[in-house]
Amino acid sequence: MRFITLGVYRQNYYQYDTNALSGALNAYKLHLRNIANLLPENLSALIALEGLDDGLLVSWVHNTESKYDILTLRCGNRVSGYFDLVITYRDSAISAGSNMVISRVLSEVGSDGTPLHDLAFHEIDICEDNQIVHSFLFHQCVEFEI
């Protein structure tokens, strides 16, 4: 289940209506409390990690034979410092659409050479079949999930 959808994002960033985002964040926090005992420890640590907002996607390895993905995000800020977060997904699946979006996020830069897309939000959830889904929403209305 997605809480921070493109619609919520657009309301907040383009229509300056913070109520929808506030409600979505509160609902997501409640949802995380409800599924906390089902999440592996490393995912709980990822959820609690601060400084991911405005992170930049710097690399992606997608191996269809071995069914794994590795994402590297450059996170942090000038005050707390920067760090590279490397996330490895085992037995992962990614749609062709998400594949294209990730390539787009990695390649699109502004006229000054800086990336156009930085991380706005990410969500972790468990589906009915107990598969874990990690959703990413980047500024400029770009999203994908693994």
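1. His-31 touches Phe-3 and Asp-125, not counting residues up to four places away in sequence. Contact here means heavy atoms within 4.5 Å. His-31 lies in helix H2. Helices (H or I, at least four residues) and strands (E, at least two) are DSSP runs, numbered from the N terminus. At 16% relative accessibility, His-31 counts as buried. The cut-offs are under 20% relative accessible area for buried, over 50% for exposed, and partly exposed in between, with a 1.4 Å probe and protein chains only.

2. A word on the basis. The model is predicted, with local features needing pLDDT of at least 70 and side-chain atom pairs counting only at pLDDT 80 or more, while totals for chains, interfaces and linings use all residues. Residues are numbered from 1 along each chain as its sequence is written, and side-chain values use heavy atoms, with hydrogens and water left out.

3. Next, the helix pair. H1 covers residues 6–13 and H2 covers residues 18–35. Their axes lie 7 Å apart, and the packing angle is about 135°. Axes are lines fitted to C-alpha atoms, for helices over the stretch in contact, and angles run from 0 to 180 degrees between N-to-C directions. H1 and H2 are therefore oblique to each other. Angles under 35 degrees count as roughly parallel, over 145 as roughly antiparallel, 65 to 115 as roughly perpendicular and the rest as oblique.

4. The crossing of H1 past H2 is left-handed. That is, the near helix is turned anticlockwise from the far one by less than a right angle; clockwise would be right-handed. Which residues in H1 and H2 meet? From H1 come Val-8, Gln-11 and Asn-12; from H2 come Thr-18, Ala-20, Leu-21 and Ala-24. By class, this contact of H1 with H2 has four nonpolar, three polar and no charged residues. Ala, Val, Leu, Ile, Met, Phe, Trp, Tyr, Cys and Pro count as nonpolar, Asp, Glu, Lys and Arg as charged, and the others, Gly among them, as polar.

5. E1 (residues 56–63) and E2 (residues 68–77) run antiparallel and are joined by seven bridges. Two strands pair if DSSP finds at least two bridges between them. Ser-59 has Thr-72 in E2 as its bridge partner. Four residues sit between the strands. Lys-67 lies in this loop between E1 and E2. Its phi is near 55°, a positive value in a residue other than glycine. Lys-67 is partly exposed, with a relative accessible area of 42%.

6. The open sheet has three strands in the order E4-E5-E6, with antiparallel pairing. E4 (119–126) and E6 (142–145) stand at the edges, each with a single partner strand, so one side of each is left without a neighbour in the sheet. Direction ignored, neighbouring strands of this sheet are turned by 15° against each other on average.

7. Pairing in detail. E4 and E5 (residues 132–138) pair in the antiparallel sense over seven bridges. His-122 stands opposite Phe-136 in E5. E5 and E6 also run antiparallel, joined by four bridges. Leu-137 has Glu-143 in E6 as its bridge partner.

8. The E5–E6 hairpin has three residues between the strands. Gln-140 is found in the loop between E5 and E6. Its phi is near 80°, a positive value in a residue other than glycine. Gln-140 is partly exposed, with a relative accessible area of 45%.

9. In a regular strand the side chains alternate between the two faces of the sheet.

10. Ser-98 has its place in H4. Leaving aside its neighbours within four places in sequence, Ser-98 is in contact with Phe-144 and Glu-145. Ser-98 counts as buried, at 7% relative accessibility.

11. Ser-107 and Asp-17 are 90 residues apart along the chain, and their C-alpha atoms are separated by 31 Å.
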